Amino acid sequence: MSVSHAVIDVVTNAAGQAGLGRVTTLATVFEQVKDPRKAKGVRHPLAAVLTVLTMALLCGARDFRQAADRVAELPQPLLAAAGARRHPILGIRIPPRRDTLRRLAETVDAAVMDRLICTWLNTLLTSPPVPGWPWTARPSATPMPAPAWTSNCSPRCATTPPSSSRK
């Protein structure tokens, strides 16, 4: 399954309605970040680039190549909610490419980004659940069950600490 289908499954509820408000909220939060670029030659809004990069990281991207692959597969509704630019002739949303993602991630202030993302996540965790959604952003009142480890699992990931003596 491609990332675009996996992501659209996450942002649609059982009735198939897209709930893109959280993506739009994240893009609005990123509008507070000062754009370090000169105005001439800017194609993608900074908030849109940071929003799609955050979505790619949440989808499991570990480097800029993987992030660019995931961003390229995002469906049009998610790109629109993130504020991605439109192609002047085709009218479709154009995702930023790998070099743009890397360049902007290296130039923005990491402390500001950390504070903004933590504030956004805290807002999600403290907001009431969305009716009709199969999941909520609130932590569950019941604790998570312990993982069932397989027999071929290494001793380091077992539930009990490994013994200090080696055999």
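A residue is called buried when its relative accessible area is under 20%, exposed when over 50%, and partly exposed in between, with a 1.4 Å probe and only protein chains considered. The model described here is predicted: local features need pLDDT of at least 70, side-chain atom pairs count only at pLDDT 80 or more, and totals for chains, interfaces and linings use all residues. Residues are numbered from 1 along each chain as its sequence is written, and side-chain values use heavy atoms, with hydrogens and water left out.

Leu 90 lies in the loop between helix 5 (76-82) and helix 6 (98-107); helices are DSSP runs of H or I with at least four residues, numbered from the N terminus. Because its relative accessibility is 59%, Leu 90 counts as exposed.

In helix 5, by contrast, one finds Leu 79, which counts as buried because its relative accessibility is 1%. Apart from neighbours within four places in sequence, Leu 79 is in contact (heavy atoms within 4.5 Å) with Val 52, Val 71, Leu 74, Ala 84, Arg 93 and Pro 95. Between Leu 79 and Ala 48, 31 residues apart in sequence, the C-alpha to C-alpha distance is 8.1 Å.

Helix 6 has Thr 100, Leu 101 and Leu 104 as its buried residues. These lie on the same side of helix 6 because they cover an arc of only 100 degrees around the axis, the arc being that of the directions from the helix axis to the C-beta atoms. An α-helix has 3.6 residues a turn, so residues three or four places apart point the same way. The buried residues of helix 6 pack against helix 3 (46-58) and helix 4 (64-72).

Methods. Helix = DSSP H or I, 4+ residues; strand = E, 2+ residues; numbered from the N terminus.
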